[in-house]
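Please look through the structure shown here, beginning with the chain as a whole and then moving to single elements and residues.

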Amino acid sequence: MNPPVSRAASRHTIRQAGEALARLPEPDKEAQVHSMALIRLIVDDIAGAGGQISFARYMELALFAPGLGYYSAGSQKFGASGDFVTAPEISPLFSRCLARQTAEVLENLGGGDVLEVGAGSGIMAADLLAGLAELGTLPDRYFLLELSADLRQRQRETLARMVPQLLDRVQWLDSLPEGGFCGVVLANELLDALPVHLFRTEAGGLRERCVGWQDGRFQWCSRDVLDTALARRFEVLADGLPEGYTSELNLAAGGWIGSVASMLQAGVVLLIDYGFPRHEYYHPQRDRGTLMCHYRHRAHDDPFVYPGLQDITAHVDFTAVAESAVDAGLDVLGYNTQGLFLLANGITELAQSGDEREQLRLAQQVRTLTLPGDMGELFKVMALGRGYDAPLRGFALQDLRGKL
Ligand SMILES: C[S@@+](CC[C@H](N)C(=O)[O-])C[C@H]1O[C@@H](n2cnc3c(N)ncnc32)[C@H](O)[C@@H]1O
């Protein structure tokens, strides 16, 4: 079995994407039938759109088509028997650190709720609630907003198994609250799962990369950028980049931040994800963008493989996130690497528990989460807020807002 892969693997680390593709394990019959059903749905969508759809539409359907998309349907996804691991799946210490940061904010606000968006298996919610209970700072309510019905069910099972005594505080939402939310909003690896548009600089000008269907396969194609707002955004990003440069733009992240800003009355939003400031993201050498796919702990770069069975993701442009936040009237309260955020929240001290064997295990988890060569540096934490001006402990060792 391949060693567990976090979704942090960047294209630079995957030199042999072709080899990785060749080594992908074959899905079983049932999974292949499932994937075929999704392929038919996307092919119909392409036909309905006149022969091609934006890559963002392809990614939306591949991940979220009801009952068929990767996140909407029932495959394992997270953990050793899934496709990738995330920080809360690697170690409860991650969520315990977030609990410390959350507790500080709730104490300063004099109480409030927690809202976790895109909660995966529910393990972060369970460990966070347990951590908050230990700190004596339980929120009034712990809301979970999750697009996938299958994952919602899994979250219920995880919470019922791990923190049955706290279940009465947990509530699932179908959409963001209308307004007047006070407390802490958390999202780990949410923004990287939102559908992205792709662009490529060509001799005749900028083109949007699209998806068509020909000879029984999905094919890349391109078109002039139809949407004028999108064209303007692409042009700004592509200014000065060499011909043949391909990258992504995550319009959905800005929309999501706008919606969060509309409901937030007072409190802090903590976003944790892999990504960079804009000048690093659209670096001339990153000329193939950051689009990545994960299947059974193999990372590669072909989004047309096994639709509905593999994850598709792109890194986050944190400068764009900060700009969207400011445009929506939020303050950017902090920006740090995951490693230093966790260290500032006392991860090493939290790891000093249990017997010697347990401490060795926890020390290994600390290394995975914090070392620069692992998840410590590529993953970032950004804090946004409204009506909150106390310092945040996670940014006490370092605050990189000046680099955005
Ligand atoms: C990469 S997974 C991360 C899961 C979890 N946070 C973790 O760290 O293990 C992305 C999660 O976001 C959810 N998701 C994606 N887009 C969403 C949206 N617009 N609203 C709510 N959940 C969303 C997916 O269904 C999935 O649970």
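Of the contacts in the chain with a separation of 6 or more, what share comes from residues 24 or more positions apart? Such residues account for 80% of these contacts. The model is a predicted one, and the mean pLDDT of its chain is 93, with 95% of the residues reaching 70 or more. One stretch to read with care is residues 10–16, where pLDDT stays under 50 and where the model has eleven contacts beyond four places in sequence.

The chain is built from 15 helices and 16 strands, and its C-alpha atoms fill a box of roughly 60 × 45 × 40 Å along the principal axes. For 404 residues, a compact globule would have a radius of gyration near 22 Å, and because the chain has 21 Å, its value agrees with that expectation.

In soluble globular proteins, nonpolar side chains tend to be buried together. Here the largest nonpolar core has 117 residues, and those with the most contacts inside it are Leu-270, Val-321 and Ala-383. Val-321 is also one of the buried residues of helix H11, which spans residues 318–327 and whose other buried residues are Phe-318, Ala-320, Ala-322, Ser-324 and Ala-325. Setting aside residues up to four places away in sequence, Val-321 touches Leu-191, Ala-253, Ile-257, Leu-271, Val-316 and Met-382. The cover over the buried residues of H11 includes helices H9 (251–263) and H10 (278–281), together with strands S10 (264–276), S14 (316–317), S15 (331–337) and S16 (379–386). Just after H11, Gly-329 takes a positive phi of about 85 degrees.

From the core we can turn to the ligand. Which residues lie closest to the ligand? Among the 20 residues that surround the ligand, the closest are Tyr-71, Thr-86, Gly-118, Gly-120 and Asn-188. Sorted by class, this shell has twelve nonpolar, five polar and three charged residues.

The C-alpha atoms of Ala-193 and Arg-223, 30 residues apart along the chain, are separated by 24 Å. Glu-189 lies in the loop between strand S5 (181–188) and strand S6 (197–202), and it too is buried, with 23 other C-beta atoms within 10 Å. Although Glu-189 is not a glycine, its phi is positive, at about 55 degrees.

A positive phi, of about 65 degrees, is also found at His-297, which is not a glycine either. His-297 sits in the loop between strand S11 (292–295) and strand S12 (298–300). Is His-297 buried or partly exposed? It counts as partly exposed, because 18 C-beta neighbours lie inside 10 Å, whereas 20 or more would be needed for a buried residue.

Leu-138 is another loop residue, placed between helix H6 (123–135) and strand S3 (142–145), and with 18 C-beta neighbours inside 10 Å it counts as partly exposed. Leaving aside neighbours within four places in sequence, Leu-138 is in contact with Leu-132, Ala-133 and Arg-169. Between Leu-138 and Val-105, which are 33 residues apart in sequence, the C-alpha to C-alpha distance is 12 Å.

Arg-207 is found in strand S7, residues 205–214, and is partly exposed, with 18 other C-beta atoms within 10 Å. Beyond four places in sequence, Arg-207 touches Phe-199, Arg-200, Glu-202, Ser-222, Arg-223 and Asp-224, while Arg-207 and Pro-27, 180 residues apart in sequence, are 34 Å apart in space, C-alpha to C-alpha. Gln-364 lies in helix H14, residues 356–370, and is partly exposed, because 13 other C-beta atoms lie within 10 Å. The C-alpha atoms of Gln-364 and Ala-351, 13 residues apart along the chain, are separated by 9.7 Å.

Note on methods
Residues are numbered from 1 along each chain as its sequence is written. A residue is near a molecule or strand if its C-beta atom, placed from the backbone, lies within 6 Å of it. Ala, Val, Leu, Ile, Met, Phe, Trp, Tyr, Cys and Pro count as nonpolar, Asp, Glu, Lys and Arg as charged, and the others, Gly among them, as polar. pLDDT is the predictor's confidence in each residue, from 0 to 100. Two residues are in contact if their C-beta atoms, placed from the backbone, lie within 7 Å. Helices (H or I, at least four residues) and strands (E, at least two) are DSSP runs, numbered from the N terminus. A residue is buried if 20 or more other C-beta atoms lie within 10 Å of its own, exposed if 12 or fewer, and partly exposed in between; C-beta atoms are placed from the backbone. A nonpolar core is a set of buried Ala, Val, Leu, Ile, Met, Phe, Trp, Tyr and Cys residues joined through C-beta atoms within 7 Å. The radius of gyration is taken over C-alpha atoms; the globule rule is 2.2 Å times the number of residues to the power 0.38.
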